[in-house]
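Please keep the sequence and the model in view while reading.

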Amino acid sequence: MTMRPDPTFHASPKLAMEAPAENFAYTLLLSPDFSKPDALAVIDVKPGSPTYGQIVHTVTMPNKGDEFHHFGWNACSSALSPLAGHAFIERRYLIIPGLRSSRIYIIDTKPDPTKAKIHKIIEPEEVFKKTGYSRPHTIHCGPDGIYVSTLGGGGKDGTNGPPGVFIMDCETFEVLGRWEIDRGPQTLHYDFWWNLPRDYMVTSEWALPPQFENGIVPEDLLSNKYGHRLHFWDLRARRNVQTIDLGANHQMALEVRPAHDPVREYGFVGVVVDTTNLEASIWTWWREGGKFHAEKTATIPPEPAPKEKLPPLLQGFGAVPPLVTDIDLSMDDRFLYVSCWGTGEMRQYDVSDPRKPKLAGSVHIGGIARRTPHPNGKAFAAGPQMVEISRDGRRVYWTNSLYSTWDDQFYPDGVPGVEVMANVGGNGGLELDKDYFVSFPDGYRAHQIRLEGGDCSTDSFCYPSV
C-alpha cells in the first residue's frame, strides 16, 4: 500500500502510451510431461543492457503438474475508477493459476523483478470449496478485486456444473466466491474483459476439461461441440443480458479484446477454425441501440500442404488451418495482432475502422508446414501463440506453446520454449528483431508474457484519451 496511486496506473490509454518503456518481461514456463515444476522467467528487455534478451531470474514452483497458461496482476489502472476502493494499492503481485491443478501462486515482484519470489500459494481445495469452479484461467485486475475465469465446474473432471468467474481480494488474496448472480444460457467459458464506465463484460467459450485436457477431440470438433458464443453481462448486476451465437461451425471463440478507450463500444474476438473450410476468422462486436451485435470482419484461409508435412491429425485434410489462438489490440486501438499458430504467421491489422480490418503487416516464423526459421537462422518450433504488446505499441512479443497436449498433436516433433519480438513501423508493418531470441531451458515450453509496468492485455481504463 502506498500513499499515492501507483505511477504505473494511468487514467487513459494515451497516458499509458506515454509512460516509460518496459525493462523486464515475465514469461510463464511449463513442463509438458510434469517431470519438473513449472516456473516464471524474468527477462531483461532493456536495449543496451549487458543482459538484454536473457533470463535474469527464475521463480521455480514447489509443485509439479500445474500447467501454467495465463496470468495477470493483482492491480492495474482500473484502480483509478471512481468506484474503486483500492486507489492506493500497488501493481506488485503476479497471480499465476495452474490450469490443470487449480492451484494459484501469488508472486511478489518487489523490491526488484530480479528478486521476485513466492508470496502465497492458494491450494485447489480452497477454490473448489468457495466457488465450485476448477481450472482457473484468465486473470483481470478489476476496480473491486481480482477476477478469475475458470474452464471447469465441480467434480474430478470439471463437468459438475458450468464454469464461471470468481473474485479474489486484491490485498489478502483470499478467494471470496462466485461472481455471477444470473448466468443465463452460459455453460462454457474461456476469456473475459470489460468496459468499466459502460458497465458491461464480454465472455467467450472454449470447451469443458474432457475436451481439452488430453488433447483436442476430433469427433467433438467435427460435430461442432466446442464453444461458439459470446456472452454480454451487466457488470454491476452480474447478470447475463445477451448471448450471440457466431454459428456452430465457428469453433472455439477464444480471446476477446475490447477497445481500450472506454468511449468506444466495440471489440474483437478470434475464432480458431471454421469446420466447413478450415479458415480462421476475426469478428467485431459492438453495441448500438441498446443491443450488442457481432459480425465476421476478416478471414484467414488454410494453406495447402503435402501429407508428409502434416501431423497425423491433419493428414486427411491436406491443408494447414491458420488456428488463430491469440489476438491483442494496441493501446491506441489502431492495430490488432493475430497469432496464426498453425500456419506460422503473426498478422497485423489496421482496425481504425473496426468493422473493416485491413492487413497492414505480417511476418512468418515456424508453422506446421512452412517451418520458417528466425532471421538469426535459428529454428522456431510451432508458431506464434501468446502475444503481448508494449504500451507504446512499438514492440510485439510472442511465445510458441499453446497447451501441452495440443502442442503434441499439432507439433509432434516437439515445441522447445522460445520467445521473440518484432518491431513495429510508424505506420504499420512488422519486422522481427534479429537480436531478441530467448531460448528457455530444455524441457520447458513458454506461454504467456506480462510486461513490467503493464501492457496491452491487462490494463483497463476508466477515462477517455484526449
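A disulfide is here a pair of cysteine sulfur atoms within 2.5 Å. The model is predicted, so local features need pLDDT of at least 70 and side-chain atom pairs count only at pLDDT 80 or more, while totals for chains, interfaces and linings use all residues. Residues are numbered from 1 along each chain as its sequence is written, and side-chain values use heavy atoms, with hydrogens and water left out.

The structure holds 1 disulfide, which joins Cys76 to Cys141 with an S to S distance of 2.3 Å. The link of Cys76 and Cys141 is right-handed, with 115° about the S-S bond. Because Cys76 lies in the loop between strand 4 and strand 5 and Cys141 in strand 8 (residues 134-142), the pair ties together parts that are 65 residues apart in sequence. Strands (E, at least two residues) are DSSP runs, numbered from the N terminus. Both Cys76 and Cys141 are buried, that is, under 20% relative accessible area with a 1.4 Å probe, counting protein chains only.

Two further cysteines may be considered. The sulfur of Cys340 is too far for a bond, because the closest cysteine sulfur, in Cys456, is 19 Å away. Cys456 is in no disulfide, and the nearest cysteine sulfur to its own, that of Cys76, is 13 Å away. Cys456 is buried, with a relative accessible area of 0%.

Strand 4 is joined to strand 5 (residues 93-97) by 2 bridges, and Trp73 stands opposite Leu94 in strand 5.

Terms used. Two strands pair if DSSP finds at least two bridges between them. Helices (H or I, at least four residues) and strands (E, at least two) are DSSP runs, numbered from the N terminus. Buried means under 20% relative accessible area, exposed over 50%, partly exposed in between (1.4 Å probe, protein chains only).
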